[in-house]
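Here is a friendly walk through one protein model, with a stop at each of several local features. Keep the sequence and the 3D view open as you read.

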Amino acid sequence: MSNQRIDIVDLSHWNAGPVGWKAMLHAGVKAVYHKATEGAGYVDPKFVGRRRGAREAGMPFGAYHFARPAASSGTAQARHFLRVAGVRPGDPRPMLDLEDRGGKNAAQLTAWVSEFVAEVRRQLGCPPFLYTRFNLTHTLDCPLWVARYSNSNAAPKVPSPWKVWTGWQFSNGQYGRPNYVAGAGHADLTTLNSADPRGLLRKLRVPNPHTKPAPKPKPKPKPKPEPEPPAPKAPTERQTLAALRRLLRRLLGLDRKGTK
């Protein structure tokens with residue numbers, strides 16, 4: 001069994017101790033995600049202060065919302081979350097933490113998630129990460145974040161309809177190897193499904209609404225075909241008659257010089 005690479009640390013008010021942002025950076029942590037809100041109105045009391053500390057230390061800082069689908073609509077919870085989260089262009093894209101299905105079946109749960117995702121996309125220009133173990137009827141273009149903890153680091157199961165995971169929370173601070181990181185202690189630890197995790201996080205940042213997309217390359221003009229030679233002009237009636245007379249004279253021998 002080999003240790004997983006630690007790319008992201010997941011924090012909330014349950015992680016009560018002080019956070020060492022520089023220590024985490026030196027340990028190779030690429031981003032921290034912190035709980036911002038839950039359900040219809042809850043705000044994590046540690047969120048705002050830790051967001052400030054992360055930004056001062058230069059740690060990429062993402063926010064997540066713990067979903068309560070039975071409490072209110074996906075749209076209402078997304079608006080509550082975004083009011084608190086203070087997401088800026090260039091931040092890691094936010095995450096929807098879907099661990100409670102609220103008594104909904106797959107189609108109903110997908111509809112609720114779709115409302116949340118649509119509001120995030122409307123305000124930020126991108127869909128969030130979706131942290132879930134539930135099967136849905138559509139991915140909604142959300143990168144998948146899954147959890148599975150074991151001391152053997154057994155691979156996670158991927159819910160339908162996703163084919164691959166983007167983030168795997170392999171430790172809850174107790175199970176999984178490693179289960180500890182400098183600056184946060186025993187915490188939820190995630191690895192990214194990429195040989196270049198920093199590059200992947202750059203691709204998954206919140207876009208700048210004022211940045212125009214790169215123009216599509218113009219197609220090369222097709223080479224013009226060579227012009228066909230002009231068709232020969234049809235002879236006039238006079239030219240045709242003259243040619244016939246010459247032919248008859250040759251046939252009758254009338255154009256020879258002299259006669260016997």
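## Helix H4 and its surroundings

The buried residues of helix H4 pack against strand E4, helix H3, strand E5 (95-98) and strand E6. Those buried residues are Leu109, Thr110, Trp112, Val113, Phe116, Val117, Glu119, Val120 and Leu124. Here, buried means under 20% relative accessible area, exposed means over 50%, and partly exposed is in between, using a 1.4 Å probe and protein chains only. Packing against an element rests on contact, meaning heavy atoms within 4.5 Å. Helices (H or I, at least four residues) and strands (E, at least two) are DSSP runs, numbered from the N terminus.

H4 has 19 residues and spans 26 Å from its first C-alpha to its last, close to the 27 Å expected at 1.5 Å a residue. The expected span is 1.5 Å times one less than the number of residues in the helix.

A word on the source: this is a predicted model, in which local features need pLDDT of at least 70 and side-chain atom pairs count only at pLDDT 80 or more, while totals for chains, interfaces and linings use all residues. Residues are numbered from 1 along each chain as its sequence is written, and side-chain values use heavy atoms, with hydrogens and water left out.

## Where H3 meets H4

How do the axes of H3 and H4 cross? The axes of H3 (residues 74-85) and H4 (residues 106-124) come within 7 Å and cross at roughly 40°. That makes H3 oblique to H4: angles under 35 degrees count as roughly parallel, over 145 as roughly antiparallel, 65 to 115 as roughly perpendicular, and the rest as oblique. Axes are lines fitted to C-alpha atoms, for helices over the stretch in contact, and angles run from 0 to 180 degrees between N-to-C directions.

On the H3 side, the contact is made by Gly74, Thr75, Gln77, Ala78, Arg79, Phe81 and Leu82. H4 brings Trp112, Glu115, Phe116, Glu119, Val120, Gln123 and Leu124. These contact residues divide into seven nonpolar, four polar and three charged. In this scheme Ala, Val, Leu, Ile, Met, Phe, Trp, Tyr, Cys and Pro count as nonpolar, Asp, Glu, Lys and Arg as charged, and the others, Gly among them, as polar.

H3 has 12 residues and reaches 16 Å from its first C-alpha to its last, close to the 16 Å expected at 1.5 Å a residue. Its buried residues are Gly74, Gln77, Ala78, His80, Phe81, Leu82, Val84 and Ala85. They pack against strand E2 (31-38), strand E3 (42-43), helix H2 (47-57), strand E4 (61-66) and H4.

Just after H3, glycine 86 takes a positive phi of about 60°. Helix H6 (residues 237-252) has 16 residues and reaches 23 Å, close to the 22 Å expected at 1.5 Å a residue. H6 is followed by glycine 253, whose phi is positive, near 70°.

## Backbone details in the loops

Most residues other than glycine have a negative phi, and most peptide bonds are trans. Aspartate 141, in the loop between strand E6 (129-132) and E7, has a phi near 65° and is exposed, with a relative accessible area of 54%. Asparagine 153, in the loop between E7 and E8, has a phi of about 55°, yet this residue counts as buried at 9% relative accessibility.

The peptide bond from serine 160 to proline 161 is cis, with omega near 10°, and proline 161 lies in the loop between strand E7 (144-147) and strand E8 (167-171). Another cis bond joins arginine 177 and proline 178, with omega about -5°; proline 178 sits in the loop between E8 and strand E9 (188-192).

Leucine 144 is found in strand E7 and counts as buried at 0% relative accessibility. Its C-alpha and that of glycine 167, 23 residues apart along the chain, are separated by 6.5 Å. Leaving aside neighbours within four places in sequence, leucine 144 is in contact with residues including Leu130, Val158, Trp162 and Gly167.

Methionine 59 lies in the loop between H2 and E4 and is buried, with a relative accessible area of 3%. Methionine 59 and alanine 31 are 28 residues apart in sequence and 6.1 Å apart in space, C-alpha to C-alpha. Beyond neighbours within four places in sequence, the contacts of methionine 59 include Trp21, Met24, Ala31 and Ala54.
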